[in-house]
Amino acid sequence: MKLTKFTEQEKQELIKVGLENVITHWADNDDLRKEPKVFAAGEGCYVYDINGRKYLDTFSSLITSICGHNRPEIKEAVIAQLDKIAFFPNYHDSFSVPLIQLAKKLSEIMPGDLEVSFFVNSGSEANETAIKLARQYFWQTGKRGKYKVISRKNSYHGTTIAAASYSGFPSLWEFLDPTVSGHLFATAPNREIEADQKDGGQASLSDMEEMIIREGADTIAALIMDPVPGSNSGYPIPPDGYLQKVRDLCNKYDIFLIFDEIQTGFGKTGKWFACQNWGVTPDIITVSKALTGGYAPLGVAVTTKKIANVFKQEAGAEFRSGSTYGGHPVSCAVALANIQIMEKENLVQRAADSGKYIKAELEKLFKYKVVSRLQGMGMIWALKLGADREKNVDLDPKLKVGAFIRDYCWNNGMILRNNAETLVIAPAIVMTKAEIDIMISTIEKAIVAAIKHFGL
Ligand SMILES: Cc1ncc(COP(=O)(O)O)c(C=O)c1O
């Protein structure tokens with residue numbers, strides 16, 4: 001790892017230009033005003049800012065760097081590919097070698113008969129692609145009325161206009177209204193309502209079926225959903241039987257089932273893909289983030305030969321989509337090296353094993369009455385705080401207890417993500433037991449500090 005030493009003047013200049021000449025993704029103006037951070041290096045589960053401060057990253061660089069930073073195997077794969085050819089597009093009738101190799105590898109690790117890849121640059125694009133695949137499939141197979149898309153409230157699917165429109169958080173699209181047409185929001189099972197758990201989320205399934213009947217199945221192309229909703233929703237685990245019932249509904253009404261595994265895919269739940277925990281296979285799966293371990297941008301929508309073959313027959317039948325850099329050879333070479341590390345180090349099983357340990361350690365925090373709920377699996381966990389667990393009382397949002405805990409962790413050398421009063425923990429799969437212990441003890445110290453500070 002190379003950690004550049006910056007002079008005070010260089011640091012000031014970097015921050016000044018960053019603040020003036022960049023619009024930060026999902027910017028937080030309050031935090032930007034307080035203390036903008038500039039990162040300069042990474043090693044394993046740690047990252048370093050331009051002041052040389054070291055942070056344990058419990059959010060794995062936005063849930064990407066599953067095998068840690070600065071892996072020589074991945075750096076070698078990048079150089080090896082650059083030595084051959086930096087770029088040639090996957091365009092028209094052309095492929096690059098690593099792109100084909102990656103497609104083969106993905107067809108081996110994907111569940112069921114998901115074997116055909118369309119490569120893009122990001123998760124949002126992968127989801128847009130999945131919707132386009134579904135819509136063009138029905139358009140081409142004589143069911144042109146099937147164009148609507150169902151997604152679920154409280155699920156995030158991306159930042160582009162359609163992906164944002166399908167995301168169940170109004171703040172993402174209210175300024176875009178009217179959003180894309182033909183879009184429907186269904187409810188998801190509520191983890192916190194016991195009845196929903198007991199009957200496998202039947203209430204939301206009935207709502208979904210009623211919606212399909214009301215709208216007309218012959219108008220609906222796809223249902224896009226995350227088998228385990230992401231960090232914004234606090235990783236609620238689906239009730240037993242729910243995913244299979246969704247699969248059955250889609251089969252019954254001839255609707256494509258798209259699983260967005262951009263956050264949950266690639267080992268983090270203790271299986272290659274979260275849906276494998278319940279043995280349910282969609283028609284299309286979308287992956288990005290950890291696909292390259294954070295070393296390069298890449299996304300992919302993977303579908304079946306049966307679906308893909310509709311686009312591979314006569315001239316004019318082709319799938320009408322493409323981007324210049326989608327499936328960049330360097331990104332594909334990186335993904336292959338990342339998968340090789342995962343296989344060699346048995347990281348999928350390691351996520352399952354570490355997950356059991358993390359769960360047991362986090363459960364010990366229930367000794368504090370402000371810790372109200374723990375959800376997640378493998379390497380993705382959400383710890384919800386409340387005023388009083390027994391009485392089911394929420395914290396006053398004005399106190400900003402979650403932000404206080406996050407800031408405490410940052411000030412003590414650890415990156416922690418919070419969504420209001422929910423603490424989100426999604427570290428690299430390679431995080432060691434000793435690092436997990438540091439992570440949990442820092443969270444505990446932060447909770448104790450918050451209890452004292454706010455008199456909770
Ligand atoms: C579940 C889910 N879907 C889609 C996306 C969008 O991916 P990207 O940010 O790569 O466009 C994300 C990103 O956080 C995600 O978590």
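**Entry 1**

I count two strands as paired if DSSP finds at least two bridges between them. The model I examined is a predicted one. With that criterion I turned to β11 and β12, which run antiparallel and are joined by six bridges. I noted that β12 covers residues 380–385. I looked up individual partners and found that Val-371 has Leu-385 of β12 as its bridge partner. I also found Gly-376 opposite Trp-381 in β12. I then inspected the turn of the hairpin, where two residues lie between the strands. There I recorded a positive phi near 55° for Gly-378.

I next placed the hairpin in its sheet. Strands of a sheet pair through backbone hydrogen bonds, in either a parallel or an antiparallel manner. I found an open sheet of four strands, ordered β11-β12-β15-β14, with antiparallel pairing. At the edges I noted β11 (371–377) and β14 (417–419), each of which pairs on one side only. I recorded an average twist of 20° from one strand to the next. I then asked which helix packs on this sheet and which strands it touches. I found α14 there, in contact with β12, β14 and β15 (422–425). I noted about 175° between the direction of α14 and that of β14.

**Entry 1. α14 against α15**

Two packed helices are described by the angle between their axes and by the distance between those axes. For α14 (residues 401–411) and α15 (residues 433–454) I recorded an angle of about 130° and axes 9 Å apart. That angle makes α14 oblique to α15. I noted the crossing of α14 past α15 as right-handed. On the α14 side I listed Val-401, Phe-404, Ile-405, Tyr-408 and Cys-409. These meet residues of α15, including Thr-442, Ile-443, Ala-446, Ile-447 and Phe-454. What classes of residue make up the contact of α14 with α15? I found eleven nonpolar and two polar residues, and no charged ones.

**Entry 2. α13 against α15**

I then looked up the packing of α13 with α15. Their angle is about 25°, and their axes lie 11 Å apart. From α13, I found Ser-354, Tyr-357, Ile-358, Glu-361 and Leu-362 in the contact. From α15, the contact takes Lys-433, Ile-436 and Ile-440. By class I recorded five nonpolar, one polar and two charged residues for the contact of α13 with α15.

**Entry 3. The seven-stranded sheet**

I turned to a second open sheet, which has seven strands in the order β4-β10-β9-β8-β7-β5-β6 and mixed pairing. Why is one side of β4 and of β6 left without a neighbour in the sheet? I found that β4 (114–120) and β6 (183–186) stand at the edges with a single partner strand each, so one side of each has no neighbour in the sheet. I recorded an average twist of 20° from one strand to the next. I looked up the pairing of β4 with β10 (residues 299–304) and found six bridges, with the two strands antiparallel. In this pairing I noted Ser-117 opposite Val-302 in β10. I found helix α5 (residues 97–109) packed on the sheet, where it touches β4 and β10. I noted that α5 makes about 140° with the direction of β4. I also found helix α9 (residues 202–215) lying across β5 (148–152), β6 and β7 (220–225). I recorded that α9 runs at about 155° to β6.

**Entry 4. The ligand shell**

I next examined the surroundings of the ligand. I found 14 residues around the ligand, the closest being Ser-122, Gly-123, Ser-124, Ile-262 and Gln-263. Which element gives the largest share of this shell? I found that helix α6 (residues 123–140) does, with three residues.

**Entry 5. Backbone exceptions**

Most peptide bonds are trans, and most residues other than glycine have a negative phi. I looked for departures from both patterns. I found a cis peptide bond from Asp-177 to Pro-178, with omega near 0°. I located Pro-178 in the loop between α7 (161–165) and β6. I also found that Asn-346, a residue other than glycine, has a positive phi near 55°. I located Asn-346 in the loop between α12 (329–344) and α13 (347–363).

Notes:
Residues are numbered from 1 along each chain as its sequence is written. This is a predicted model: local features need pLDDT of at least 70, side-chain atom pairs count only at pLDDT 80 or more; totals for chains, interfaces and linings use all residues. Axes are lines fitted to C-alpha atoms, for helices over the stretch in contact, and angles run from 0 to 180 degrees between N-to-C directions. Angles under 35 degrees count as roughly parallel, over 145 as roughly antiparallel, 65 to 115 as roughly perpendicular and the rest as oblique. A crossing is left-handed if the near helix is turned anticlockwise from the far one by less than a right angle, and right-handed if clockwise. Two residues are in contact if their C-beta atoms, placed from the backbone, lie within 7 Å. Ala, Val, Leu, Ile, Met, Phe, Trp, Tyr, Cys and Pro count as nonpolar, Asp, Glu, Lys and Arg as charged, and the others, Gly among them, as polar. A residue is near a molecule or strand if its C-beta atom, placed from the backbone, lies within 6 Å of it.
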